[in-house]
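Please look over the sequence and the structure before reading on.

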Amino acid sequence: MAVHAGSGVRALLFDLDDTLIATTRASHTAEREVKTLLKFKYRYEDSAADTVIQKFNTKLKQHFESSMKQDVKKLRQLHFEQAIQETKGGEPDPVLASECYSLWRNTRLQHIHFTDEVKAMLTALRQSYKLLLLTNGPAEVQREKIEACSCQQYFDAIIVGGEYPEQKPARSIFQECWNILGVKPEACVMVGDNLNTDIQGGVNAGLCATIWINPTNQKPKGDVIPDYSVMSVLDVVDILKKL
């Protein structure tokens, strides 16, 4: 795969979750494993197992920002403990909660990886551009994912939002990116699946262009409009030819 740098573009900033790796799909696989555990080992009804997972996911979203400053393992284990107690009643069961969390976490990590096509694309792009991985989230969680997919070799630098005072879409973390890479913001392109963090962040930072990973080919909602929309990250190569 030959890739030639477009005029003026010197660096590409890639999001991680649901851009380069299928995090949502891996999470769904992990959820199914936890449901199987609850149903067949602990004799939960199907509806009760579903409710535990739903409550756990709700707590994950509600406490995402606060998780940056807490022990993520303890917090997410507590999410399972609360979800189980709210569903089944009775006394808290930290042992079962720990078992559920460990199964969920380990299963998810086992299913997080770069496809061969993504590896080939990044390898080719790096011959013409500087590449930086820019991901939001708690440092411990994101670093585990980075290690799980062995992605360090494909990037010139990696920035995890949870290790900085501000995350995407704040301009400050994008400034860290171009400072590390030694390029100007107008020489950078942001690639990501989230309009509110990746694309809005690229706009805030004054980057050359933003590319939205949009697998369902939906129209943007709200005021955030990407410069380009593609259904797969592999389509980024074709967009770069236009820049």
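## The loop between helix 1 and helix 2

Arg43 is found in the loop that lies between helix 1 and helix 2, where helices (H or I, at least four residues) and strands (E, at least two) are DSSP runs numbered from the N terminus. The phi angle of Arg43 is near 60°, a positive value in a residue other than glycine.

The model is a predicted one, in which local features need pLDDT of at least 70 and side-chain atom pairs count only at pLDDT 80 or more, while totals for chains, interfaces and linings use all residues. Residues are numbered from 1 along each chain as its sequence is written, and side-chain values use heavy atoms, with hydrogens and water left out.

## Helix 1 against helix 2

Helix 1 (residues 23-40) and helix 2 (residues 46-62) have axes that come within 9 Å and cross at roughly 140°; such axes are lines fitted to C-alpha atoms, for helices over the stretch in contact, and the angles run from 0 to 180 degrees between N-to-C directions. Helix 1 is therefore oblique to helix 2, given that angles under 35 degrees count as roughly parallel, over 145 as roughly antiparallel, 65 to 115 as roughly perpendicular and the rest as oblique. The crossing of the two helices is right-handed, a term used if the near helix is turned clockwise from the far one by less than a right angle, with anticlockwise giving left-handed.

On the side of helix 1, the contact (heavy atoms within 4.5 Å) is made by Glu31, Val34, Lys35, Leu38 and Lys39, and on the side of helix 2 by Asp46, Ala49, Asp50, Val52, Ile53 and Asn57. By class, this contact has 5 nonpolar, 1 polar and 5 charged residues, where Ala, Val, Leu, Ile, Met, Phe, Trp, Tyr, Cys and Pro count as nonpolar, Asp, Glu, Lys and Arg as charged, and the others, Gly among them, as polar.

The protein is divided into domain 1 (11-21 + 114-241) and domain 2 (25-111), with bounds that come from an automatic or database domain assignment. Their C-alpha centres lie 29 Å apart, and 9 residues of domain 1 are in contact with 9 residues of domain 2.

About 770 Å² is buried between the domains, of which carbon and sulfur atoms give 59%; buried area is the accessible area (1.4 Å probe) that two parts lose on being put together, summed over both. In domain 1, the residues that lose the most area to domain 2 are Pro138, Val141 and Glu144, together 50% of what that side buries.

## Helix 4 against helix 6

Helix 4 (residues 94-110) packs against helix 6 (residues 139-148) at an angle of about 40°, with the axes 9 Å apart, which means that helix 4 is oblique to helix 6. Arg105, Arg108 and Leu109 of helix 4 meet Val141, Glu144, Lys145 and Ala148 of helix 6, and the residues of this contact divide into 3 nonpolar, no polar and 4 charged.

The peptide bond from Lys168 to Pro169 is cis, with omega near 15°, and Pro169 lies in the loop between strand 3 (157-160) and helix 7 (171-181).
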